[in-house]
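Student: I would like to go through this model with you. Could we take the folds of the chains and then some local details?
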Amino acid sequence: MKHFFEANMRFAGLLLCLVVIVVAGYVVRQKVSDDTVDALGWVNHTLEVRASLHELRANVSQMHAAAYGARLNPSDSAIRQKYEESRAAYPPLMDALRDLTRDSSDQQERIAILRDRIGERVVLLDRSMRGDASLDVGELTSSLARFPVKEITDAIDAREQHLLDVRQEIAANRVRVAAWATLATALAQIVLLGAVIWASERQLKRRVEAESETRRAVGRARLIVETVREPIAVITSDLEVLQANQAFADFYGVTRPITGGLNVMPAWGDPVLRQRLKDVVTMRREMWDYEVEQEAGGETRRHVVVNARPMTLPDSSDATALLTVSDMTVRKRAEEQVLELNRQLSGKIALVTVVNRELEAFSYSVSHDLRAPLRHIAGFSDKLRSDLAQQGNDKMQHYCEVISDSARRMSTLIEDLLSYSRLGRHALRLQAVDMQSLIDETRSTLTSAVEDRRITWRVAPLPVVIADASLLRLVWQNLLDNAIKYSAGKDEAVIEVGVDENPAERIFWVRDNGAGFDMKYVDKLFGVFQRLHKASAFAGTGIGLASVRRIVARHGGRTWAEGATGNGATIYFSLPRHDPIS
Amino acid sequence: MIREIRTILLVEDSLPDAEMTIDALREGHIANSIVHVEDGVEALDYLHRKGAYSERQEGNPAVVLLDIKMPRMDGIEVLREIRGNEATRRIPVVILSSSREERDLAATWDLGVNAYVVKPVDARQFFDAVQTLGQFWAVMNEARPGN
């Protein structure tokens with residue numbers, strides 16, 4: 001609407017310009033031309049008056065000449081004839097002059113005087129012609145001299161000359177004005193025309209620009225449709241393909257134009273899908289995410305999702321629909337793989353759960369049933385020993401002691417094994433743990449039992465971490481206990497504790513100057529019940545470092561060790577900086 | 001006032017354990033009579049005077065020394081029955097177990113056990129523990145009214 005209005009306005013403006021150019025030009029020229037003609041008319045008129053005046057003077061002179069001639073040759077009829085002719089010609093000349101000067105009252109007055117004087121002269125000349133004796137030549141001349149004509153005609157002539165000058169001046173002015181006016185009009189016309197041309201030129205340029213922009217947009221749109229990876233097609237209610245992009249042709253292995261449409265393509269053989277597509281076109285009903293397996297270009301079957309929306313083409317009244325195809329084969333395959341993996345995983349989880357439950361039952365049973373016989377062995381061997389003591393059988397007593405000690409040791413092993421198995425069972429209770437205070441606490445507990453030893457502690461400032469406090473306490477207990485235990489042979493034990501931090505993790509370490517170990521066996525260090533020292537040298541069951549490894553692993557960290565026989569050991573464990581995985 | 005000497009009920013499926021326990025109590029000069037039953041069902045029969053114990057004299061024991069892992073009915077179920085019954089709910093019950101399994105500890109304390117003792121493997125410690133228990137519960141402790 002707005003556009004239409006604007007176009008009309010432009011057209012009206014253009015028309016107005018044209019009218020102004022044509023009409024104004026015409027009017028100005030007409031006016032100038034009229035004025036000029038008028039002015040020239042007046043010049044002509046003046047010239048006519050003067051011509052008429054001169055003719056009159058010539059006529060009067062001729063009359064006088066004939067009258068004097070007749071006096072010399074009275075018999076000459078030719079002269080008389082001449083007089084008569086000029087005598088007859090003078091009144092019409094006089095009238096003509098009078099008529100010509102009607103526009104000027106002062107000229108009229110002069111002409112009236114001239115007429116009277118010429119009239120008087122004619123009376124005298126007529127008398128002379130009639131041969132009036134009383135009128136000799138002298139008399140005639142003097143009589144005529146009483147009616148002077150020359151002055152008056154000169155005055156008339158001068159007056160006319162003046163008028164002529166004035167009128168010529170006016171005419172010349174008019175011509176000049178006309179020339180300027182014409183020039184100005186022409187210039188104005190040129191300017192207007194220029195404006196019109198500029199405006200229409202601009203209009204044209206705009207239109208060309210708009211058209212090329214439209215062309216570019218259309219080109220881009222087509223390029224997008226052609227470049228997009230999804231197959232796209234425009235279909236009719238007969239499932240003919242009006243248009244399809246390269247992806248569509250490639251996907252279904254056909255060449256464009258697609259003759260026969262979807263009807264002849266085996267991929268589109270599904271009768272339900274075909275009916276739904278027809279419905280989209282005829283009933284203007286959208287089709288969302290129709291999943292179907294299709295025989296695409298190759299021999300492989302593709303899992304696709306088809307979408308269709310009714311569409312109205314700008315250049316056709318036929319109902320059409322836009323059809324897009326999304327190849328979900330890869331995603332579908334991935335989904336199936338995920339499902340399969342999940343199935344396998346849940347199977348494994350079920351298995352693990354069963355195993356865990358069995359393990360729990362096992363350890364429960366172990367803790368109850370395995371210890372009872374040990375207790376009985378210990379108990380009854382003790383009773384046996386006290387009975388034997390009364391009989392004084394020392395050797396037997398010693399055997400009984402060995403039996404009791406073995407039972408005790410086995411009980412300790414069972415206890416350690418059970419506590420180790422418990423480490424993996426409970427959920428982590430994560431909280432902020434101040435490693436500094438944890439280690440101070442552990443240290444004071446442990447050193448109270450070895451007050452006779454000389455131990456130098458070098459504990460670096462330790463950070464606060466997010467972890468399970470009770471489990472970390474176990475870690476420090478084991479590590480510090482080991483350090484104290486294995487440095488027992490030194491006069492002065494030096495135990496160092498520190499931390500190395502990097503962006504990913506914090507690495508804590510405990511170093512002692514004790515017995516150390518052979519790096520050859522470093523792999524055995526963290527194993528359950530693995531010992532690198534003789535039981536007679538150092539007490540222990542070999543569960544401590546295994547527990548440390550288990551706890552640290554549950555916090556997402558690593559454990560490792562460095563050492564040399566007789567040169568002490570350094571045990572490292574790391575805790576990740578992000579939240580530990582429980 | 002003459003103190004009535006009450007019975008000690010020992011619920012223990014392991015005969016060596018029972019023998020050791022009884023020995024320890026005798027060594028500790030505890031005069032109370034000791035009734036030994038071998039599982040939970042028998043324990044409840046005794047408490048409710050049913051089955052083999054229908055003829056026994058009335059009265060609750062001074063203390064029940066209760067093992068946990070037993071055939072037929074385990075110690076936790078026995079404890080639940082004892083605490084759930086108006087006639088028996090005031091009897092002191094001491095768990096004598098081989099293990100300190102956390103779930104057992106939690107279950108028995110939740111059910112209102114009076115003590116939980118892990119039987120020491122060491123013979124001397126075992127004797128000391130049982131004697132202390134007997135002394136405390138059967139001799140020193142005053143029964144709750146109604147028991």
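Tutor: We shall discuss a predicted model, beginning with chain B and then turning to chain A.

Student: What pattern does chain B follow along the sequence?
Tutor: Chain B reads β-α-β-α-β-α-β-α-β-α. The chain has five helices and five strands.

Student: How many bridges join E3 to E4 in chain B?
Tutor: Three bridges join strand E3 (residues 63-66) of chain B to strand E4 (residues 93-97) of chain B, and the two run parallel. As an example, B:Leu66 has B:Ile95 of E4(B) as its bridge partner.

Student: What else does B:Leu66 touch?
Tutor: Leaving aside residues up to four places away in sequence, B:Leu66 touches B:Val11, B:Gly75, B:Val78, B:Leu79, B:Val93, B:Val94, B:Ile95 and B:Leu96. B:Leu66 is also one of the residues with the most contacts inside the largest nonpolar core, together with B:Val11, B:Ala43, B:Val64 and B:Leu65.

Student: How many residues are in that largest nonpolar core, and which elements contribute?
Tutor: The core has 40 residues. Elements giving two or more residues to it include helix H8 (329-391) of chain A, and from chain B strand E1 (8-11), helix H2 (40-48) and helix H3 (75-84). The largest share, seven residues, comes from H5(B). Another core, of 35 residues, lies apart from this one; among its members are A:Met435, A:Leu472, A:Tyr486 and A:Phe517.

Student: How much of chain B counts as buried?
Tutor: Of its 147 residues, 38% count as buried. As for contacts in chain B between residues at least 6 apart in sequence, 68% join residues at least 24 apart.

Student: Changing topic: how many residues of chain B are in contact with chain A?
Tutor: In chain B, 14 residues are in contact with 15 residues of chain A. Helix H1 (15-27) and helix H5 (123-140) of chain B each supply at least two residues of the chain B side. By class, that side has five nonpolar, three polar and six charged residues.

Student: Now chain A. What is the strand order in its open sheet of five strands?
Tutor: The order is E7-E9-E10-E12-E11 in chain A, with mixed pairing. Strand E7 (455-459) and strand E11 (559-563) of chain A stand at the edges with a single partner strand each, so one side of each has no neighbour in the sheet. The twist averages 15° from one strand to the next.

Student: Which way do E9 and E10 of chain A run, parallel or antiparallel?
Tutor: Strand E9 (residues 493-501) and strand E10 (residues 505-512) of chain A run antiparallel and are joined by seven bridges. In E10(A), A:Asp512 is the bridge partner of A:Ile495. Helix H11 (residues 469-486) of chain A packs on the sheet, where it touches E7, E9, E10 and strand E12 (569-576) of chain A; the direction of H11 makes about 25° with that of E10(A).

Student: At what angle do helices H3 and H4 of chain A pack?
Tutor: Helix H3 (residues 105-129) and helix H4 (residues 137-145) of chain A pack at about 170°, and their axes are 9 Å apart. An angle over 145 degrees counts as roughly antiparallel, which is how H3(A) stands to H4(A). The contact is made by A:Arg121, A:Leu124 and A:Ser128 of H3(A) with A:Leu140, A:Ser143 and A:Leu144 of H4(A). By class, there are three nonpolar, two polar and one charged residues in this contact.

Student: Last topic, backbone details. Where does A:Pro257 lie?
Tutor: A:Pro257 lies in the loop between helix H6 (246-252) and helix H7 (271-283) of chain A. A cis peptide bond joins A:Arg256 to A:Pro257, with omega about -10°.

Student: And what is the phi of A:Leu239, and of A:Asp289?
Tutor: A:Leu239, although not a glycine, has a positive phi of about 65°. A:Asp289, also not a glycine, has a positive phi of about 45°.

Methods:
Residues are numbered from 1 along each chain as its sequence is written. Chains are lettered from A and ligands numbered from 1 in the order in which they are written. This is a predicted model: local features need pLDDT of at least 70, side-chain atom pairs count only at pLDDT 80 or more; totals for chains, interfaces and linings use all residues. Axes are lines fitted to C-alpha atoms, for helices over the stretch in contact, and angles run from 0 to 180 degrees between N-to-C directions. Helices (H or I, at least four residues) and strands (E, at least two) are DSSP runs, numbered from the N terminus. Angles under 35 degrees count as roughly parallel, over 145 as roughly antiparallel, 65 to 115 as roughly perpendicular and the rest as oblique. Two residues are in contact if their C-beta atoms, placed from the backbone, lie within 7 Å. Ala, Val, Leu, Ile, Met, Phe, Trp, Tyr, Cys and Pro count as nonpolar, Asp, Glu, Lys and Arg as charged, and the others, Gly among them, as polar. A residue is buried if 20 or more other C-beta atoms lie within 10 Å of its own, exposed if 12 or fewer, and partly exposed in between; C-beta atoms are placed from the backbone. Two strands pair if DSSP finds at least two bridges between them. A nonpolar core is a set of buried Ala, Val, Leu, Ile, Met, Phe, Trp, Tyr and Cys residues joined through C-beta atoms within 7 Å.
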